[in-house]
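Please load the model in your viewer and keep a selection panel open. The stops below each begin with something to select and then say what is found there.

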Amino acid sequence: MSQSEVKIPGKAEEPGEGQELYAARKKIYPRSVAGIFANLRVLGVALTQFVFYVFPWLVWNDRPMMLFDLVHRKFYVFGYVFFPQDFIYLTGVLVISALALFLFTAVAGRIWCGYACPQTVYTEIFMWIERAIEGDRVKQMKLDKAPWTLRKIGLKTAKQSAWLAVALWTGFTFVGFFTPIRELAHEFVTFSMGPWETFWVFFYGFATYGFAGHMREQVCLYMCPYARFQSVMFDPDTLIITYDEKRGEPRGQRKKGADYKADGKGDCVDCGICVQVCPTGIDIRKGLQYECIGCAACIDGCNQVMDKVGYPRGLIRYSTENVILGKFPERSMVAHVFRPRVLLYAAILGAITVALGVALYMRTPLKANIIRDRTNLVRETDEGLLENVYRMQIINMDEKPHRYTLTASGIKDLKVTTNVAQPLEVGPASTRVVSMGLIADPADLKPGSIPVHIKLQDIDNPGISANEKTSFLVR
Ligand code: SF4
Ligand code: SF4
């Protein structure tokens, strides 16, 4: 059952007849909130932004630790140099990412949206700046309603400037993953960045400013495709954020010290804090809604209220559809995490991760590509022998220079010649193209195509070699 189909108490009404198709955006002023989930969001921001802002500056083997050098078609990631021929590893990483998303969504719903999605993270950062300059929710609302005074102009200018500075720094850092960031910094301050670098710094910066500063929840509600299809990964045992209607209703304000239960009231004091802290402006008490990004701010907000009025925490909490519908008690929720679907995702994810790790560990830092010279398929040498000519591309994926020898087999007394002297030296993380000839005695050959094997052997490291198959043509 999808998230939008879940029938739980208080489920929000679906759009019906007579409903406006276009609604003007009402600005949302989320109230700041403290609590365990707010701390987890801070941790999410800290971890993701440490990777984003710090990694491009770190050095490994005298070069950036993480650099996707598109111009030279080399990707540097920690101690590895990847070439376009290593596409299989990228495929592995993408498959792992997709499976991890399936797994985490099946277990914990929109945990990615709530804690690690760039839109959530940058909106959070921009809201911290906004609160630091303009104050919390009520002050922001008052300021927006107030006439333009010098103070308001000053505060708004300060906020916009701080936002623009963070956005520009974000755009600069993004480009720093594709161009060595120290060189980029020099070009940035001397106004000598190339046209593409300039475009992407400002484009990415502008997108960050627009999405996190102004569009905020609208990106999640109207633009994000994941918000639309993630519900198909939910099942009745997926963790969702829910309001305990049985415990909370009938909601209502009450006098301090009054026996509200005797008055027929539930635990919800109808303070509206859960709505005020919500970054998408929804009321979780109406039930599960697709607008809920799973940030858990309403849990923290309501827990604060429960503490204040002396009621048990957890009126809004993580739960599952099956628990809400009373199919099993809350205490057995954890046991239901280990259901077949989750175990299958985990097993496939584990297997692919191990396979990728082993493949990376055993990766030979040498690749060879052989292409036949089409202009000169077979030629006869002065000695009356037959020669086939090829173009050989040698890719040294190591960050040290290597020397290789070239041998061939498959035909009796097959000789290898190259247009440069052997051993063939190839610089660190470099590619070298050599012209290679295979020479054989026609007396040993029958007309047609004969398979031959070419071996490129590192002369200093016996464990490093590359074997390629090609064919020898005989007229
Ligand atoms: S309803 Fe709660 S969990 Fe959902 S977006 Fe709003 S505050 Fe976050
Ligand atoms: S924060 Fe809790 S008590 Fe206050 S309105 Fe929301 S659910 Fe009710």
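This is a predicted model: local features need pLDDT of at least 70, side-chain atom pairs count only at pLDDT 80 or more; totals for chains, interfaces and linings use all residues.

Residues are numbered from 1 along each chain as its sequence is written, chains are lettered from A and ligands numbered from 1 in the order in which they are written, and side-chain values use heavy atoms, with hydrogens and water left out.

Select residues 66–69, which are β3, and 80–82, which are β5; strands here are DSSP E runs of at least two residues, and helices are H or I runs of at least four, numbered from the N terminus. Together with β4 they form an open antiparallel sheet of 3 strands in the order β3-β4-β5, where pairing requires that DSSP finds at least two bridges between two strands. Because β3 and β5 stand at the edges with a single partner strand each, one side of each is left without a neighbour in the sheet. Neighbouring strands of this sheet are turned by 15° against each other on average, direction ignored. Between β3 and β4 (residues 74–77) there are 4 bridges, and F68 stands opposite F75 in β4.

Next, select residues 118–134 and 137–145, helices α4 and α5, which pack at an angle of about 70° with their axes 9 Å apart (axes are lines fitted to C-alpha atoms over the stretch in contact, and angles run from 0 to 180 degrees between N-to-C directions). The two helices, α4 and α5, are therefore roughly perpendicular, a label for angles of 65 to 115 degrees. E130, R131 and E134 of α4 meet K139, Q140 and L143 of α5, contact being heavy atoms within 4.5 Å.

β11 runs antiparallel to β13 (residues 424–426) over 3 bridges, and it pairs in the antiparallel sense with β15 (residues 448–458) over 6 bridges. Y404 stands opposite L424 in β13 and opposite D458 in β15.

Finally, select ligand 1 and the 13 residues around it, of which C278, C292, C295, A296 and C298 come nearest; a residue is near if one of its heavy atoms lies within 4 Å.

How values were computed: Angles under 35 degrees count as roughly parallel, over 145 as roughly antiparallel, 65 to 115 as roughly perpendicular and the rest as oblique.
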